[in-house]
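Please open the model in your viewer and keep the sequence panel beside it. The tour below goes from one selection to the next and says what is to be found at each stop.

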Amino acid sequence: MAGRMTGGAKLYNRRWIQMEYLDFELEIGKGQGRKYPVAVIRSPAGEVRDTMLFPFDELVLENRLQALEIALLRSGGSKRRALSQEEQTVQDFGRDLFDALIGGEIRSRFDVSRGEAQRQGKGLRLKLRFQAPELAALPWEFLYDHRRGEYLCLSKKTPTIRYLELPDPIQRLTVTPPLRILGMIANPADLPELDVEREKQRLEKAVKNLRDKGSLDLIWLQGQTWRDLQDAMGGGPWHVFHFIGHGGFDRSKDEGLLALADDKGKKHLLSASQVANLLADHHPLRMVLLNACEGARGSGLDIFSSTAATLVRRGIAAVLAMQYAITDKAAIEFSRTFYRRVVDGRLPIEAAVVDARVAVNIAVNNSLEWGTPVLYMRSPDGILFELASLPAHRPDPIIVKAIVGTLPPEPPPPEIRKGRLWVDTDPDGSTVHFLNIRADFVQGQELEPGGYHVEVAAAGYTPKREWIKLEAGENKHHRIVLHKSKTPPTEPPKLPPPTEAKPEKEFTNRLGMAFVLLPAGTFPMGSPSDEEGRYDDERQHQVTLSRPFYLQTTPVTQEQWRQVLGNNPAYFKEGGQECPVEQVSWDDAQEFIKKLNRMEKTDTYRLPTEAEWEYACRAGSTTRYCFGDEAAQLQDYAWYEVNSERKTHPVGRLKPNAWGLYDMHGNVWEWCRDWYGDYAVGPLVDPPVPDAGASRVLRGGSWGNNSWLLRSAVRSYYNPVFRINNLGFRVARTF
């Protein structure tokens, strides 16, 4: 935004910052099974080809899509949470899509391209071109880059569009204001009633100042039949067509639908092709916005089967449509923000869409519906209009007002008064860290009114966490006093070298599960700030484990699972019963451990904590991997994307680490006991397991990951109920 609103002034008479983009254009070809060819056909970092292994088989995909749609419907509650169960579902799905699509050499090109775009002060536009219809039908708008903790399409630096390259190029249209929008409302009597009148009023309010200045005209079609639309398209000129109503998808014909009305006011379903026949020949029309649920829903058989894609194929430069049902509140917020950006004329359409997504994300509490709109485009640079200067005298608006009516002026939004926060600590110089927002703490910084969860830590003292409430306009000093730690000295002796740190005891239980006893000790958990491939959630801190514990030497195998629970849920069975069991959720692992304890007449078997897992993986090392820093040696220790042939392998076949533990890197991700969250600040002794959270921690990387994701410090996480063919576990036992 060019500037912040102050004193109630609005930005309608200002220009938004112009945004330019470099293109990162990906083409996903037709595949066989779950393998698809992927090519970077245009990017600042050059071209490259790779193969994507789609992360889900047909059954798993169906379950994941169903879970995602349920999450979207359930999102939007009034209670604000750091990460709701619904968002975790969406985030996990987007993360898996991102890792599959943008992995290996593709990821390298993407990262370099993003850096080059940043160097030039530009954004990086992700253009997705699908030759595989079954992939084109998926919700790629939820791509989630877990390394940066962000959805790509929620940042103007990385907008995501569906790009259709067609033979006839689209030229920019020079428009002498006003930009003319034709609005149509179709609310057939035999379909659920929509809040269309409210959206109409809100949309008119949102563009009132623009209309008064002569920048935009919004004219509502007085009718809801296809003949009314045909007559209107014979006039104009219209630059944007905005449809509000019902949409759907005809699975028998593999084609999108819009529901208009017949002469009796009942529904009249128009196919995507019929809608295109009504709109495509109107030369000035550059954009269509379909505020209808499932306007972007496509078939797995035909890339152009959705209403939106069909319109683009027929010549419309850009189409915005909904791939899931969307609430009226979210649709209204999206439209309000989008049109405010469009009339500027210099902001690419994809940047306007990002701003509208962000508006939904913020204004509609807890909603995930920002990912519902899909942008289809064939304009190479996203600039649809060249707006000429405003005319010196605007034509008489009486006719327009007779059609759309007049509305009272919108009251100016209240100014949000920020406060300032200081945290005074005892001892002086303690570290202060925010736990509930992604920002570094700075004494006296300006903050929005609200609650802030902070943690204070200092060497030799017990860390302390407190909530601080900041009122609007308040200058607040909050004092936090730490107490001397009763734990061992702040600088405990370092672990002996791996060759000297020998496990004290080994045992094998009745099922053939082998364990080693790992010594108590202290280690640096996380990664140093200069470690190659490091992620932000790996903040290094000192951890002491005061008690020894047993850890299984390998992940749980398919045979061990069968002996305990009597079945084999693994996807990769062809490798034999000694392959790790996978497709097991965290909850499934708990069921295994519960029954194992009964069989062994004990209560000491459990999952390792995250700290225990990294301590065991490192085995006294402080390098990227348990054996050193060079990824070239990884094939000797781990099954991963280089040597796995995209499947699991029998456990214990490669080299162990210094403490006799196999497959700590690769083969399968391993569930840990902890809920995922930010690391605490300061030295810790026996880090407690959080009582609640949204996702459980996973460690170690898997057969499908690159070398960076197999580092000792890498953290991942997942919904504890999900099962995927790269998730397994190993068992710990309390000493």
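At roughly what angle do the axes of helix α12 and helix α13 cross, and within what distance do they come? Select residues 558-565 for α12 and residues 586-599 for α13: the two axes come within 9 Å and cross at roughly 65°. Axes here are lines fitted to C-alpha atoms, for helices over the stretch in contact, and angles run from 0 to 180 degrees between N-to-C directions. Helices (H or I, at least four residues) and strands (E, at least two) are DSSP runs, numbered from the N terminus.

Before going further, note that this is a predicted model, in which local features need pLDDT of at least 70 and side-chain atom pairs count only at pLDDT 80 or more, while totals for chains, interfaces and linings use all residues. Residues are numbered from 1 along each chain as its sequence is written, and side-chain values use heavy atoms, with hydrogens and water left out.

**The helix pair**

Stay with the two helices: α12 passes α13 in a left-handed crossing, a term used if the near helix is turned anticlockwise from the far one by less than a right angle. Show the side chains of Q560, W561, Q563, V564 and L565 in α12, which meet D588, E591, F592, K595, L596 and M599 in α13; contact means heavy atoms within 4.5 Å. The residues of this contact divide into 6 nonpolar, 2 polar and 3 charged, where Ala, Val, Leu, Ile, Met, Phe, Trp, Tyr, Cys and Pro count as nonpolar, Asp, Glu, Lys and Arg as charged, and the others, Gly among them, as polar.

**A mixed sheet and the helix across it**

Next select β27 (521-525), β28 (residues 541-545) and β32 (684-685). These 3 strands form an open sheet in the order β27-β28-β32, with mixed pairing; two strands pair if DSSP finds at least two bridges between them. β27 and β32 stand at the edges, each with a single partner strand, so one side of each is left without a neighbour in the sheet. Between β27 and β28, which run antiparallel, there are 5 bridges, and F523 stands opposite V543 in β28. Of the 5 residues of β27, 4 are buried, so this strand is largely enclosed by the rest of the structure; buried means under 20% relative accessible area, exposed over 50%, and partly exposed in between (1.4 Å probe, protein chains only).

α14 is mostly covered, with 9 of its 9 residues buried, among them W613, Y615 and R618. Just after α14, A619 takes a positive phi of about 50°.

**An antiparallel sheet**

Move on to the open sheet of 5 strands in the order β25-β26-β29-β36-β30, whose pairing is antiparallel. β25 (506-508) and β30 (605-606) stand at the edges, each with a single partner strand, so one side of each is left without a neighbour in the sheet. β25 is joined to β26 (residues 514-518) by 3 bridges, and T508 stands opposite A514 in β26.

**The nonpolar cores**

Which residues touch the most other members of the largest nonpolar core? Of its 87 residues, these are L26, L101, L135 and F338; such a core is a set of buried Ala, Val, Leu, Ile, Met, Phe, Trp, Tyr and Cys residues joined through side-chain atoms within 4.5 Å. Centre the view on F338, which, leaving aside its neighbours within four places in sequence, is in contact with M287, L289, L320, I349, A352, V353 and A356. A second, separate core of 32 residues includes M184, L229, L278 and L279.

**Two single residues**

Not counting residues up to four places away in sequence, G382 touches R125, P348, I349, E350 and M377.

Finally, select E58 in helix α1 (residues 58-74), which is exposed, with a relative accessible area of 70%. The C-alpha atoms of E58 and G33 are separated by 9.9 Å.
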